[in-house]
Amino acid sequence: MALLEVRGVAKTFRGLKALGGVDVSVEANSFHGLIGPNGSGKSTLLKAIAGVHYPDEGTISFGGQDITREPPPMRARAGLSLKFQITAVLPQLSVYDNVLLASQSRGSIWGLLRSRSRGELHDETMDALERFGLADRADDLAGELSHGQQQWLEIAMALTNKPRLLLLDEPTGGMSPEERRATGELLMPIKAHCALVIVEHDLDFIKDICDRLTVLDNGRVLDDGTVAEIEASPKVQEVYTTRV
Ligand SMILES: Nc1ncnc2c1ncn2[C@@H]1O[C@H](COP(=O)(O)OP(=O)(O)OP(=O)(O)O)[C@@H](O)[C@H]1O
Ligand SMILES: [Mg+2]
């Protein structure tokens, strides 16, 4: 069984069918891209996986556990983490404190009772910043970072609870080409311990880093497969050449 199994997920907003019965499987330690035209249901699907909202139909299982109606904190404890289109960095706090706060707020009450020493938290925080090239900015205010660096900070924060699956919705939106390339390089090492479901409009970026792709169109799966299979898919080419 895959790490994440989405089966027949449907979601309607005030009569508008955003998702019409979607299946997606994501293997552990794999990077899975969600692509498709604007309004095709990518963010709606990611939110259903994260528990931001619940599907009207279908099931979502994670690590063999049915999480379809579990609230987000339960999913976080099971190893799900997310970063959405809107930045959640606190601009008036230092880069260091943003990561520290994210790692302190993680986990259960039991985790807090076992709370780690100041030294452990410091080491974890600096490790996270180093991995995302932000160690030399630790004392700066997060609001002083470039847009791209703020996105990396947020990814570092999302990884502090050592998730098994990270969900990213358009992390390279608004980035320069150079920042996009760097983002790919920063994400790749995560694969050693964490799977990724990533929504992106930049097809070159997503093809470079993902193992498999699911293409949504009008709330349905148009096609899914390896990057090579999707690139060769006439159905996908039709949508991308005529509508995107
Ligand atoms: N909270 C909501 N209330 C009403 N309609 C919604 C809501 N969220 C999404 N929708 C609608 O559901 C459809 C799918 O939206 P969704 O945001 O999932 O698309 P998307 O594939 O992420 O698009 P984009 O590429 O533009 O981010 C759209 O028609 C959108 O307007
Ligand atoms: Mg979206």
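This is a predicted model: local features need pLDDT of at least 70, side-chain atom pairs count only at pLDDT 80 or more; totals for chains, interfaces and linings use all residues.
**Exercise 1. The chain as a whole**

Find out how many helices and strands the chain has, and work out why its radius of gyration agrees with that of a compact globule.

*Solution.* 
Step 1: Start with the secondary structure. The chain holds ten helices and ten strands.
Step 2: Look at the overall extent. Along the principal axes, the C-alpha atoms fill a box of roughly 55 × 40 × 35 Å.
Step 3: Turn to the radius of gyration. A compact globule of 244 residues would have a value near 18 Å, and the chain has 18 Å, so the two agree.
Step 4: Of the 244 residues, 38% count as buried. Among contacts with a separation of 6 or more, 65% are between residues 24 or more positions apart.

**Exercise 2. Around the ligand**

*Solution.* 
Step 1: The buried ones are Lys42, Thr44, Leu45, Leu46, Ala48, Ile49 and Ala50. After α1 comes glycine 51, with a positive phi near 85°.

**Exercise 3. The nonpolar core**

Identify the residues with the most contacts inside the largest nonpolar core, and trace the contacts of valine 197.

*Solution.* 
Step 1: In soluble globular proteins, nonpolar side chains tend to be buried together.
Step 2: Look at the core itself. The largest one has 61 residues, and Ile49, Ala156, Leu165, Leu167, Leu196, Val197 and Ile198 have the most contacts inside it. Helix α6 (residues 147-158) gives the most to this core, namely six residues.
Step 3: Trace valine 197. Setting aside neighbours within four places in sequence, valine 197 is in contact with Val26, His32, Leu34, Leu46, Ile49, Leu165 and Leu167.

**Exercise 4. A covered helix**

Describe the span of α6 and name elements that cover its buried residues.

*Solution.* 
Step 1: Compare the span with expectation. The twelve residues of α6 reach 17 Å from first C-alpha to last, close to the 16 Å expected at 1.5 Å a residue.
Step 2: Check the burial. Ten of the twelve residues of α6 are buried, and the helix is mostly covered. Among the buried ones are Trp152, Leu153, Ile155 and Met157.
Step 3: See what lies over them. The cover includes β6 (80-83), α3 (95-104), α5 (118-131), β7 (165-169) and α7 (177-187).

**Exercise 5. Buried or exposed?**

Decide whether leucine 129 is buried or exposed, and do likewise for glutamine 65.

*Solution.* 
Step 1: Note the cut-offs. A residue is buried with 20 or more other C-beta atoms within 10 Å of its own, and exposed with 12 or fewer.
Step 2: Take leucine 129, in helix α5. Leucine 129 has 21 other C-beta atoms within 10 Å, so it is buried. Beyond its neighbours within four places in sequence, its contacts are Val95, Val99, Leu134, Ala135, Ala138 and Ala156. Leucine 129 and valine 95 are 34 residues apart in sequence and 8.5 Å apart in space, C-alpha to C-alpha.
Step 3: Take glutamine 65, in strand β5 (residues 65-66). Glutamine 65 counts as exposed because it has 11 C-beta neighbours inside 10 Å.

**Exercise 6. Positive phi values**

Find where arginine 14 and asparagine 29 sit, and give the phi of each.

*Solution.* 
Step 1: Recall the background. Most residues other than glycine have a negative phi.
Step 2: Examine arginine 14. Its phi is positive, near 40°, and arginine 14 lies in the loop between β1 (4-13) and β2. With 4 other C-beta atoms within 10 Å, arginine 14 is exposed.
Step 3: Examine asparagine 29. Its phi is also positive, about 55°, and asparagine 29 lies in the loop between β2 and β3 (31-35). Asparagine 29 counts as partly exposed, with 16 C-beta neighbours inside 10 Å.

Terms used
Residues are numbered from 1 along each chain as its sequence is written. Chains are lettered from A and ligands numbered from 1 in the order in which they are written. A nonpolar core is a set of buried Ala, Val, Leu, Ile, Met, Phe, Trp, Tyr and Cys residues joined through C-beta atoms within 7 Å. Helices (H or I, at least four residues) and strands (E, at least two) are DSSP runs, numbered from the N terminus. Two residues are in contact if their C-beta atoms, placed from the backbone, lie within 7 Å. The radius of gyration is taken over C-alpha atoms; the globule rule is 2.2 Å times the number of residues to the power 0.38. The expected span of a helix is 1.5 Å times one less than its number of residues.
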